[in-house]
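Let's take a friendly walk through this structure together. Have a look at it first, and then we will go from a single residue out to the whole chain.

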Amino acid sequence: MEEATQAFVFFWVAGLFVVMGAMLAFFSKVNWQRRLGGALFGLGVLSLMLTPWTLSFSPSSAFGHLLGSLIGPAVLLAVGLYQIAFSGHVPVGRLSRTDRNIGVAMVVVGVLWLEAMHWWVLTPTYPAEVNRYWYIFWPTMLLGVLVCSSATYAIVGLVGEQRQQEQRLMLVSASLAIILMLLGSLFDGPNVDHERFATELLFASADIFGVMVGAAVAVLLFAVVLAFYESQQPVPKRLDPPNQDQLEKASHIIAQHVGGEGEDE
Amino acid sequence: MSEGSPLSSLTRLGAFAVLPAGAVLILVGLVSIESTDGTLIRFANALLTSFTFVSFILLLTLFVYGDARKRPIAPLLGMFMSVLLGVGMTVFFLSQGELLMEDNGSVRAQALSNLIRLATTVLGMGMAVMVVAGTLFASLMNTPPRAIQFEEE
């Protein structure tokens, strides 16, 4: 198979599988279609993660390498947070105290693992230098944690009552993100120097802002298209007003139910 | 629940979301960044790629919308035009020499690189949302249920 065809099949078709699979799994109301969506999503992600082997000649395979590098901490964080949440005050299927402790340990290891990817030797390296998508991912995630935490802090203050504990937690995670960004911009890691990190942080903010503006414009256009289409539709037929017979029948039925006779209140 | 008009609540929310990140970026910019070259190019590329990609996703969601609307063609055509507009603008601007090109040799390579960068940004934001939402949810579920305090008659 030619290299271009290989890249098309193992990377771009796989990427399309991920998008289409996620859409089917989320939006379809038919059970088999949802299962098919899940399978397509899994197959696509697997194919992307295998690109360091299937498309070793292509620079795009660095993305697959990043996905593979992140699967460990992502699973630890997701399962750990699930264990902690469902060992709390849930009415059904409550997990045990041991599960909660395991969950806490998994979250701590997941966070440390991510930190070790910047501050220790676990930095994703592909093929012989730091994975270029890691430079995009890590600052984006830190900025994302800061933005989401501070926004959630405000939301909890606006809609919650006596939620100081949650606000404190959001403050802690926002502060942690700020500290990590400042430390990364001031001190070199074993594989990432501080100037490169600071520049990538600025680029990550440009990426996030650009993505948000682009998405907002697309959504606005979508709303305009739908509003225009709906405004072109004929007005639904209005029913005639009820005639005397229908009014009498309705008043009879109403009188039967609201008369107060024969009912013990 | 806190009292206040929706506009002031929205302003407060926006300020909380943007100001801390803005302050950190300014601080980092003052301390460690020597040159901001390329930031606008990154912004423009992210904007065009995101517009095209989100239009494509919304085009797909119209199939769900069609279930409740006798499968209309007009909105599909509208969003298809939107996707074409995004692709057309991307190709046009990338073809203007150095305007939006980075370290890639061709328009196609730059467009594909933009798409992978968008995926990486989405991945980073997704992980951030997972961590924050998971932490909040875990905290909410572990808060002891509160007894309702009735006033004494």
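One term comes first: a residue is called buried if 20 or more other C-beta atoms lie within 10 Å of its own, exposed if 12 or fewer do, and partly exposed in between, with C-beta atoms placed from the backbone. What you see is a predicted model, in which local features need pLDDT of at least 70, side-chain atom pairs count only at pLDDT 80 or more, and totals for chains, interfaces and linings use all residues. Residues are numbered from 1 along each chain as its sequence is written, while chains are lettered from A and ligands numbered from 1 in the order in which they are written.

Now find Pro139(A), which sits in helix H6 of chain A. Helices here are DSSP runs of H or I with at least four residues, strands are runs of E with at least two, and both are numbered from the N terminus. Pro139(A) counts as buried because 28 other C-beta atoms lie within 10 Å. Which residues does Pro139(A) touch, leaving aside its neighbours within four places in sequence? They are Phe197(A), Glu200(A), Leu201(A) and Ala204(A), where contact means that the C-beta atoms of two residues, placed from the backbone, lie within 7 Å. Thr199(A) is 60 residues away from Pro139(A) in sequence, yet their C-alpha atoms are 9.7 Å apart in space.

Another proline to visit is Pro127(A), in the loop between helix H5 (97–119) and H6 of chain A.

Stepping back, chain A has nine helices and zero strands. Its C-alpha trace spans about 85 × 55 × 35 Å along the principal axes. The radius of gyration, taken over C-alpha atoms, is 27 Å for chain A, whereas a compact globule of 265 residues would have one near 18 Å; the globule rule is 2.2 Å times the number of residues to the power 0.38. Of the 265 residues in chain A, 38% are buried.

Finally, turn to the partner chain: 71 residues of chain A are in contact with 67 residues of chain B. Elements giving two or more residues to this side of chain A include helix H1 (3–27) and helix H4 (61–85), and H8(A) gives the most, with 25 residues. By class, this side has 50 nonpolar, 17 polar and four charged residues. Here Ala, Val, Leu, Ile, Met, Phe, Trp, Tyr, Cys and Pro count as nonpolar, Asp, Glu, Lys and Arg as charged, and the others, Gly among them, as polar.
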